[in-house]
Amino acid sequence: MAKTAQLILDGKTYELPVVEGSEGERAIDISKLRATTGYITMDPGYANTGSCSSAITYIDGEEGILQYRGYPIETLAKNSTFLETAYLLLHGELPTGDELSKFTEHITYHSLLHEDFRHMYRAFPLRAHPMAVVSSLVGTLSTFYQDSLDPLDEQARQEHAYRIMAKLPTMCAWAYKYSVGHPFMFPKNRLSYSANLLHMMFGTPAEDYEVHPALSKAIDTLLILHADHEQNCSTSTMRIVGSSHANLYASASSAINALWGPLHGGANQAVIEMLQYINANEKSGRAFLERVKKDPDVRLMGFGHRVYKNYDPRAKVLKEMTRDVLEAVGTSNPLLDIAIEIEEMALSDDYFVQRKLYPNVDFYSGIIYQAMGIPVNMFTVFFALGRMPGWISQWMELHQDPASRIGRPRQIYVGENKREYVPIEKRG
Ligand code: ACO
């Protein structure tokens, strides 16, 4: 017999269905709650709310497990490329050699931007944050493909998915080029996804730019680690915008904006700024940690997570990678020493232990980006590049799911009750 939960309200007992996932996660299905009881549930921040069933990503935050389509993140980071992982997310299975070549060809084929985009960059102030530029331009893509934007058309969905994946590196690299006043570099289709990104960022027409294989490998791994993370803030944004049947570009542009915030993807920029501040002012992490513990407005950026109550498995991979990258570029970074010191102190400090605050994916990623010469305001842009196949897969899944409905939470109104309107001359 199917399991149910009992709810007793106003002396009446209601049976609520229990739903179980493939990894044993359980939920009480309250979708008929209001219709049968007149009550809704309150869950600010949706910490206890499942908004969909999904077969894409599994996280066990207590155990520190992250899997895409059943494959552990550590295995994918070690053995796969970013495009292989993107294929896995989008299509549900790892590609054969032939499928991967065709997929790579599709993505490579669409990497050029319409020439009109060059003018659009010039409309932004030079100091514009690249996340603002990239989210605007991704939204603008919808104006170039107006005839085929129907999100319910499966073939169109796939075409747009490949197109956005293909064009995003060019858009991101050009946002950087524009900010430093350099000429835009065209993509080189023979390069890998990550090598091409570095080529478009750091190459110039005047000189050949040799992409260091260790660096393009590091970028590839970073993109894999960021590729999906189930129903986080930006992915939920992608789904909720998509649930109104807004097109893929509009939905992805919104997700990029949600990612920008410092409590989400913007944390990688905030971590470096915090480490730089400590290095310049307090020199040691101890004094800063004490401040975090005393002042609720100061947070240890790159620490804590809504779901992980254990070490974020992505942070583990990144911590190991950090030294390799610093070695490859032949540099040391005092910020790494401060980060390691802070991590050690926090992991044995009661404040952080009791609240189960561990390093998250953003704690080490900024140090790696910085070592590679990626400017700080581009860190979150790299996060968006990595997350794009995850966002798209979630958006596709939404449109394939017969149970999906427009996203529309309820509220409990706590404002004024109905009152008389007072004409302006009689107020005060
Ligand atoms: N530094 C200090 N204290 C913290 C931190 C932190 N980084 N994170 C949480 N806490 C404390 C809170 O003050 C709170 O303490 P209290 O119980 O005494 O009030 C407790 O831990 C629980 O924190 P919440 O804010 O309720 O946790 P929530 O799940 O809502 O927030 C979040 C998660 C936003 C990630 C939070 O941990 C945070 O702000 N971290 C820093 C920003 C960051 O690194 N964000 C990146 C997350 S990963 C990603 O999005 C890719």
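Helix 7 bends by about 30° at Lys167, and Pro169 is a proline that follows within four residues; the bend is the angle between axes fitted to the seven residues ending there and the seven starting there. Helices are DSSP runs (H or I, at least four residues), numbered from the N terminus. The model is predicted: local features need pLDDT of at least 70, side-chain atom pairs count only at pLDDT 80 or more, and totals for chains, interfaces and linings use all residues. Residues are numbered from 1 along each chain, and side-chain values use heavy atoms, without hydrogens and water.

At its start, a side-chain oxygen of Asp153 lies within 3.1 Å of the backbone nitrogen of Gln155.

The largest nonpolar core has 117 residues, and Tyr121 and Leu300 have the most contacts inside it. Such a core joins buried Ala, Val, Leu, Ile, Met, Phe, Trp, Tyr and Cys residues through side-chain atoms within 4.5 Å. Helix 7 (residues 154-180) gives the most to this core, with 13 residues. Beyond its neighbours within four places in sequence, Leu300 is in contact (heavy atoms within 4.5 Å) with residues including Met274, Phe288 and Ile342.

Met274 is also among the buried residues of helix 12 (residues 267-282), as are Val271, Leu275 and Ile278. The cover over the buried residues of helix 12 includes helix 13, helix 15, helix 17 and helix 18.

| Helix | Following residue | Phi |
|---|---|---|
| Helix 7 | Gly181 | positive, near 75° |
| Helix 12 | Lys283 | positive, near 65° |

Notes:
Buried < 20%, exposed > 50% of the residue type's maximum accessible area, 1.4 Å probe, protein only. Helix = DSSP H or I, 4+ residues; strand = E, 2+ residues; numbered from the N terminus. Polar contact = N/O pair within 3.5 Å; in protein donor to acceptor, adjacent residues only side chain to side chain.
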